[in-house]
Amino acid sequence: MKLVYKIFYHSYRRTSSVVYWLRRRFTTAGLCVFGSACVSMMVGADAQNTVTYQVFALLMVIMILAFACSWAFRAKFSATRNLPRFGTAGQPVLYTVQVKNLTAGVQKGLTLLENCADPRPSFDDWLAFQRGENKRVAPFSISNRRPNPFRLAEIKEAEVPPMPVRGEVETSMQVVPLRRGVLRFTGVTLARPDPFGLFRSLVRTPANDAMLILPKRYNLASVPLPGMMKYQENGVALAANIGRSEEFVSLREYRRGDPLRHIHWRSWAKAGKPIVKEFEDEFFVRHALVLDTFTGESFSEILEEAVSVAASFACTMLTQESLLDLLFVGSQTYCFTAGRGVAHADQMLEILASVQACADKPFSVLENLVLNHVSAVSGVICVLQSWDEERQNFIKKMRMMDLPVIVLVVVQPETGELDAGPMRDLPENFRVLKIGKIQEELIKLGG
């Protein structure tokens with residue numbers, strides 16, 4: 001069976017290379033002429049009963065002339081992109097490219113094409129994805145399968161203004177990222193069509209750049225988050241200009257070891273001795289956002305949607321006066337805190353953009369991480385990829401600690417109804433998010 005998969009994999013790579021070459025080299029009119037030539041060749045095979053072969057001969061002559069003219073384009077350029085720092089999956093990103101003409105002639109009628117890093121996976125990743133799909137649909141079936149998950153982005157071609165000798169022009173570009181993570185650019189290609197407008201000659205220019213693509217987000221209504229203000233032992237370190245999370249209580253005499261920034265200079269001047277401000281720890285709300293990353297599937301659609309749901313909650317919760325702890329497991333266990341001056345939403349989205357599936361550790365690793373941390377939090381939002389016995393027991397343990405919990409389970413659209421289990425007495429805090437209808441379910445959560 002693995003040999004059969006290897007044959008399909010090499011066929012996939014060759015086919016994708018041919019398609020990529022055709023789209024770059026041929027204009028729309030050129031593809032029409034090329035397709036017509038192929039059709040006329042098949043129809044005109046019987047030269048005694050049809051004259052279609054004459055159409056084929058004419059079209060082939062035109063194609064050969066167009067191809068020959070492409071060899072006359074010789075030029076040299078340099079390019080510099082003005083990329084934003086971040087993009088968002090599924091949202092258009094606009095940027096500009098500065099193109100400089102390094103030749104002694106005017107260059108016009110050019111089209112700018114972007115060159116991205118090869119998105120095609122290794123055989124092992126491709127095989128893992130195919131086996132995952134075969135669990136959902138019949139092997140080698142093409143119906144009900146996901147679109148190509150390996151594509152990184154859709155990038156529109158852009159017309160380049162005429163470039164004077166040694167001159168520089170600016171071209172506007174638009175890219176629609178299809179996946180979170182790092183989008184890498186390796187260069188640009190300047191294309192010029194032949195006089196017939198059928199075949200394009202290409203000049204490649206290196207220009208390495210990268211942009212971090214953040215997860216897509218869903219619109220959330222005002223979600224009633226669980227938990228109330230809770231005492232934080234020793235406070236929480238906030239931004240450098242704020243210091244510890246403390247509230248002013250009173251003035252007292254200076255003691256050895258007191259921070260100099262706490263000295264009350266006006267009182268010192270009146271009393272003739274050092275006086276400092278006394279603080280006490282603050283009570284505040286702190287939530288935990290738990291992300292389930294445990295899956296054996298490469299390019300898991302459920303994991304991608306779970307990350308998007310987590311990102312949506314992170315953006316919503318960080319607009320409130322509370323702290324948010326993001327907990328998940330990757331190559332190691334992670335706990336990232338944001339809110340109230342510690343970090344911003346963009347920083348948490350950067351973390352989520354780089355989350356990878358965890359296939360070499362048991363779910364108990366995440367369970368231990370969360371249970372050792374919950375004493376400091378007011379409530380927990382769990383974004384899970386399945387609702388098996390192990391995950392239900394994990395939720396049950398948190399419920400036994402009288403900890404408010406919201407559970408969101410991301411599943412495939414064909415999944416049937418799920419029993420709420422330990423969340424049966426709180427159906428409003430348990431939501432099954434079916435791919436394709438996640439937005440609708442999240443809106444219900446706010447209601």
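The numbered points below take up the core, the aromatic residues, the salt bridges, the surface and the backbone in turn.

1. The structure discussed here is a predicted model. The remarks that follow should be read with that in mind.

2. The nonpolar core. The largest nonpolar core has 35 residues. Leu289, Leu291, Phe313, Leu352 and Leu408 are those with the most contacts inside it. Helices and strands both contribute: β9 (200–214), β13 (283–291), α6 (301–317), β14 (322–329), α7 (345–353), β16 (379–384), β17 (405–411) and α10 (438–446) each supply at least two residues of this core. The most comes from α6, which gives ten residues.

3. The structure holds 19 aromatic pairs. One of them joins Tyr9 and Trp126 in a tilted arrangement, with 5.5 Å centre to centre and 55° between the planes. Tyr9 belongs to helix α1 (residues 2–25) and Trp126 to helix α4 (residues 123–136), so the pair ties together parts that are 117 residues apart in sequence. Tyr9 has a relative accessible area of 7% and is buried; Trp126, at 7% relative accessibility, also counts as buried, because the cut-off for burial is under 20%. Both residues are members of one aromatic cluster, formed by Tyr5, Tyr9, Tyr12, Phe123, Trp126, Phe129, Phe150 and Phe299.

4. Of the 17 salt bridges in the structure, one is formed by the side chains of Asp118 and Arg13, at 3.9 Å from N to O. Asp118 is placed in the loop between β4 (110–116) and α4, and Arg13 in helix α1, so this pair ties together parts that are 105 residues apart in sequence. Asp118 counts as partly exposed at 47% relative accessibility, and Arg13 counts as partly exposed at 25%.

5. The side chains of Lys273 and Glu253 meet at 2.6 Å, N to O, in a salt bridge. Because Lys273 lies in the loop between α5 (265–271) and β12 (275–281) and Glu253 in strand β11 (residues 246–253), the pair ties together parts that are 20 residues apart in sequence. Lys273 is partly exposed, with a relative accessible area of 35%; Glu253 counts as partly exposed at 45% relative accessibility.

6. Which residue does the side chain of Asp292 meet in a salt bridge? The partner is Arg391, and the N to O distance is 2.7 Å. The pair links distant parts of the chain, with Asp292 in the loop between β13 and α6 and Arg391 in helix α9 (residues 389–400), 99 residues apart. Asp292 counts as buried at 0% relative accessibility, and Arg391 is buried with a relative accessible area of 5%. Elsewhere, salt bridges that share partners join Arg13, Asp118 and Arg120 into one network.

7. Val39, Met41, Met42 and Val43 form a nonpolar patch on the surface, and together they have about 400 Å² of accessible area. Met42 lies in helix α2 (residues 28–43) and counts as exposed at 60% relative accessibility, because the cut-off for exposed is over 50%. Gly35 is also placed in helix α2. This glycine is partly exposed, with a relative accessible area of 30%. Its C-alpha atom is separated by 10.0 Å from that of Leu59, which is 24 residues apart from Gly35 along the chain.

8. Positive phi angles. Arg166 has a positive phi, near 55°, and is placed in the loop between β6 (158–160) and β7 (168–177). Asp402 likewise has a positive phi, near 55°. The place of Asp402 is in the loop between α9 and β17, and this residue is exposed, with a relative accessible area of 70%.

Definitions and conventions. Residues numbered from 1 in each chain as written. Predicted model: local features only at pLDDT ≥ 70, side-chain atom pairs only at ≥ 80, totals over all residues. Heavy atoms only, no water. Patch = residues over 30% accessible without salt bridge, like charges linked within 9 Å, V, L, I, M, F, W, Y side chains within 5 Å. Areas by Shrake-Rupley, 256 points an atom, 1.4 Å probe, with all protein chains shown as cover. Salt bridge = Lys/Arg side-chain N within 4 Å of Asp/Glu carboxyl O. Helix = DSSP H or I, 4+ residues; strand = E, 2+ residues; numbered from the N terminus. Buried < 20%, exposed > 50% of the residue type's maximum accessible area, 1.4 Å probe, protein only. Phe/Tyr/Trp six-rings, centres within 6.5 Å; stacked < 30°, edge-to-face > 60°. Core = buried A, V, L, I, M, F, W, Y, C linked by side-chain atoms within 4.5 Å.
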